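Colleague: I would like to learn how to read helix packing and a ligand shell in a model. Please begin with the terms.

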Amino acid sequence: MMRTTTIILAAFLAAAVAGPACAADVAAGKAKATEVCSACHGENGISTTENIPSLAGQQDQFIQWQLVFFRAGTRKNEQMQPVVEPLTNEDIRNLGAYFASLAPPRGAKPDDNPDLSAKGKQAATGRRCASCHGDDFAGTKAVARIAGQREEYLVKALHDYKSGARSGGGMAAMSDVAYPLHEEEITALAHYLAHL
Ligand code: HEC
Ligand code: HEC
């Protein structure tokens, strides 16, 4: 039921993201981001705050979809909700283009637990994460960049999909992926990806 609703909603909202062919204004996106977003998501989209994801170098379409999901209430977060309420579709397009244009976060260095990373790499191969996220985990279109993302945020995101707190786009692909993951796998995957 939840899934059907998500798909219908996604089709309905597609217009907001794909929109009429209207060029995004990166400068306007930057101005908005400096005014509203950087306090939490960090200078140049690199987060230094626990449980707040970096947005730098994130996929344009992924960012736009998440903002649409927050605005529609299908993705819930107390901090993001008041932020997205006043955003127009134009703001969303501009913000997606701006954050996507920034240099992505570099993996946390040095790796304080290479053994855990090795386990994470193995889990990523076994679970075929790269089949959607790409060999370098940079994502594509509505599939998120996960390489170099904050470790504790990756853990939180996987838990949210696993518990159903977040269903996500792409036919709820991530709920299916996360549901069977063991706790040790989640820890290892997050550690591996955060250090790429
Ligand atoms: C008060 C702090 C705060 C502000 C201001 C804020 N955010 Fe967020 N944002 C968050 C938190 C916390 C999350 C993580 C939500 C979760 O855990 O699901 C988030 C998540 C996101 C995500 C999802 C990213 C992902 O990897 O899943 C996007 C996109 C986003 N924010 C964009 C923005 C934009 C654009 C702005 C400015 C218009 C903004 N945020 C302002 C706190 C904030
Ligand atoms: C069938 C395609 C598919 C596979 C396989 C897949 N993903 Fe995803 N992943 C997605 C999509 C689509 C999204 C965006 C979902 C959304 O809108 O929330 C996503 C989002 C995520 C996010 C949230 C990122 C963020 O910034 O909020 C994480 C973390 C993630 N995937 C990790 C993984 C891991 C780890 C694996 C392997 C265990 C994996 N994914 C396998 C399609 C996939």
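Modeller: A crossing is left-handed if the near helix is turned anticlockwise from the far one by less than a right angle, and right-handed if clockwise. Helices (H or I, at least four residues) are DSSP runs, numbered from the N terminus. This is a predicted model, where local features need pLDDT of at least 70, side-chain atom pairs count only at pLDDT 80 or more, and totals for chains, interfaces and linings use all residues. Residues are numbered from 1 along each chain as its sequence is written, and chains are lettered from A and ligands numbered from 1 in the order in which they are written.

Colleague: Which hand does the crossing of H3 and H5 have?

Modeller: The crossing of H3 and H5 is right-handed.

Colleague: At what angle do helix H3 and helix H5 pack?

Modeller: Axes are lines fitted to C-alpha atoms, for helices over the stretch in contact, and angles run from 0 to 180 degrees between N-to-C directions. Helix H3 (residues 60-72) packs on helix H5 (residues 89-101) at about 140 degrees, the axes being 8 Å apart. H3 is therefore oblique to H5 (under 35 degrees is roughly parallel, over 145 roughly antiparallel, 65 to 115 roughly perpendicular, the rest oblique).

Colleague: Why is Thr 88 classed as exposed?

Modeller: A residue is buried if 20 or more other C-beta atoms, placed from the backbone, lie within 10 Å of its own, exposed if 12 or fewer, and partly exposed in between. Thr 88 is exposed because 10 other C-beta atoms lie within 10 Å. Thr 88 sits in the loop between helix H4 (80-84) and H5.

Colleague: How many residues surround ligand 2?

Modeller: Ligand 2 is surrounded by 24 residues, the closest being Arg 127, Cys 129, Cys 132, Gly 168 and Gly 170 (the C-beta atom, placed from the backbone, lies within 6 Å).

Conventions:
Helix = DSSP H or I, 4+ residues; strand = E, 2+ residues; numbered from the N terminus.
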